[in-house]
Amino acid sequence: MSGAQGKAAIIAGAVAIIAEVDGSRIQTRYEQGWVSEVVSTCQEAIRLARKKLAAQLPYAIAYHGNIVDLLEYIISHNIQVDLLSDQTSCHVPYDGGYCPQGLSFEERTTMLEQEPNKFKTLVDETLHIHYDCICKLHEKGTYFFDYGNSFLKAVYDSGVKSICKNGENDLDGFIFPSYVEDILGPCLFDYGYGPFRWCCLSGREEDLDKTDQAAMALINPHRSYQDRDNWLWVRDAKKNKLVVGTKCRILYQDALGRLKIALRFNELVRLGEIGPVMLGRDHHDTGGTDSPFRETSNIKDGSNIMADMATQCFGGNCARGMSLVALHNGGGTGIGKAINGGFGMVLDGSERVDTILRAAIPWDVMVGVSRRSWARNANAMTTAIAYNKQFQSTDHITLPYVAADDVVKAALEEVEKS
């Protein structure tokens with residue numbers, strides 16, 4: 001299990017139950033403070049969740065068991081679930097990423113080694129049950145979204161064609177949306193907002209505090225709802241104890257926000273107020289990744305299956321002088337299902353770095369916004385137009401020519417006649 005789900009639930013004021021079959025993973029997250037309590041039965045998980053809901057207390061419950069057992073219990077006891085998702089490593093379901101129902105984690109490991117064919121059969125059987133549970137809960141009002149971890153693709157690969165929008169294959173996507181398709185894409189990526197990262201290389205807590213304060217000072221919470229959320233996020237980051245190990249932070253920002261923060265950090269290094277900082281971002285970003293089942297799932301012009309964006313992002317970052325630039329396969333959704341282009345930029349306080357930041361940061365973000373704009377995503381087109389106005393003397397994003405529907409229809413009818 002990741003620690004993110006439990007921590008996110010608490011920050012959002014929700015009560016969450018996170019199922020995990022590997023007890024060691026639960027113990028680690030519990031000791032780190034990412035989950036509130038650990039239970040081993042479905043009954044205890046539901047009882048505790050209801051108690052915290054009634055008291056209106058945010059809580060993250062780690063259930064040591066199989067998610068399918070939990071879903072079947074929820075359905076049989078007619079329990080309402082508001083949100084449901086899955087973060088199983090289904091890009092490798094037959095290599096241990098998915099645990100069949102009825103097996104402990106230890107039994108799963110043994111069968112995987114000794115009886116791989118039987119293991120595969122059990123995985124497929126459990127995926128079918130898992131999918132059926134989701135459908136039943138969805139009919140009762142549960143909002144289910146695919147994290148983009150290839151869960152829906154794994155269900156399809158196991159033989160379930162009804163999961164496909166066209167009822168036959170995965171070319172048109174699935175009946176349940178990726179959360180990028182439904183939420184993150186139109187609400188954040190299309191505007192250029194994504195997970196901007198920095199790491200204080202000094203390892204000093206006070207340096208991280210200073211960068212938090214500097215970032216917050218540069219965000220106008222009244223500019224947009226995204227900035228309001230992100231201002232609150234960085235304001236409360238220390239209180240929410242988000243750091244494990246290295247002194248790093250993730251903060252969603254758009255192109256202009258990232259550039260302002262990066263330049264300010266480099267200035268702080270130049271003034272000797274903090275040590276060197278490494279900038280970066282998650283691959284799960286506006287322009288860094290091509291993946292039709294996640295990052296590019298809300299790009300509807302047919303280019304969602306192409307790797308152009310990540311490759312151009314990579315090449316542009318190289319040309320503009322980033323410290324470290326990477327282009328690789330895989331990343332969350334599995335080998336063959338994604339191409340990622342990432343970067344790292346060391347802030348040493350120099351004017352040279354300022355020059356690189358001004359050229360590279362907007363490119364790294366806006367290459368993704370451009371792609372989404374060309375696909376006629378309304379929010380991306382608006383963002384591209386605003387960017388062109390602000391940078392009209394230096395940059396320009398080609399805008400799409402959007403034909404009226406009746407003109408397109410008439411043209412197609414004319415072609416059919418001929």
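Trainee: At what angle do helix α9 and helix α11 pack?
Mentor: In this predicted model, helix α9 (residues 205-218) packs against helix α11 (residues 255-270) at about 140°, and their axes are 10 Å apart. That angle makes α9 oblique to α11, because only angles over 145 degrees count as roughly antiparallel.

Trainee: And which hand does the crossing of α9 and α11 have?
Mentor: The two helices, α9 and α11, cross in a right-handed way.

Trainee: Which residues meet there, between α9 and α11?
Mentor: From α9 there are T211, A214, A215 and L218. On the α11 side they meet K260, I261, R264, F265 and L268.

Trainee: How does that contact of α9 with α11 split by class?
Mentor: Six of the residues are nonpolar, one is polar and two are charged.

Trainee: Switching to backbone angles. What is phi of Q56?
Mentor: Phi of Q56 is near 55°, which is positive in a residue that is not glycine.

Trainee: Where does Q56 lie?
Mentor: Q56 sits in the loop between α3 (42-54) and β3 (59-64).

Trainee: Is Q56 buried or exposed?
Mentor: Q56 has 71% relative accessibility, so it counts as exposed; the cut-off for that is over 50%.

Trainee: Now R376. What is its phi?
Mentor: R376 has a phi of about 70°, again a positive value, and R376 is not a glycine. This residue is found in the loop between α13 (351-374) and α14 (378-390).

Technical notes: Residues are numbered from 1 along each chain as its sequence is written. This is a predicted model: local features need pLDDT of at least 70, side-chain atom pairs count only at pLDDT 80 or more; totals for chains, interfaces and linings use all residues. Side-chain values use heavy atoms; hydrogens and water are left out. Axes are lines fitted to C-alpha atoms, for helices over the stretch in contact, and angles run from 0 to 180 degrees between N-to-C directions. Helices (H or I, at least four residues) and strands (E, at least two) are DSSP runs, numbered from the N terminus. Angles under 35 degrees count as roughly parallel, over 145 as roughly antiparallel, 65 to 115 as roughly perpendicular and the rest as oblique. A crossing is left-handed if the near helix is turned anticlockwise from the far one by less than a right angle, and right-handed if clockwise. Contact means heavy atoms within 4.5 Å. Ala, Val, Leu, Ile, Met, Phe, Trp, Tyr, Cys and Pro count as nonpolar, Asp, Glu, Lys and Arg as charged, and the others, Gly among them, as polar. Buried means under 20% relative accessible area, exposed over 50%, partly exposed in between (1.4 Å probe, protein chains only).
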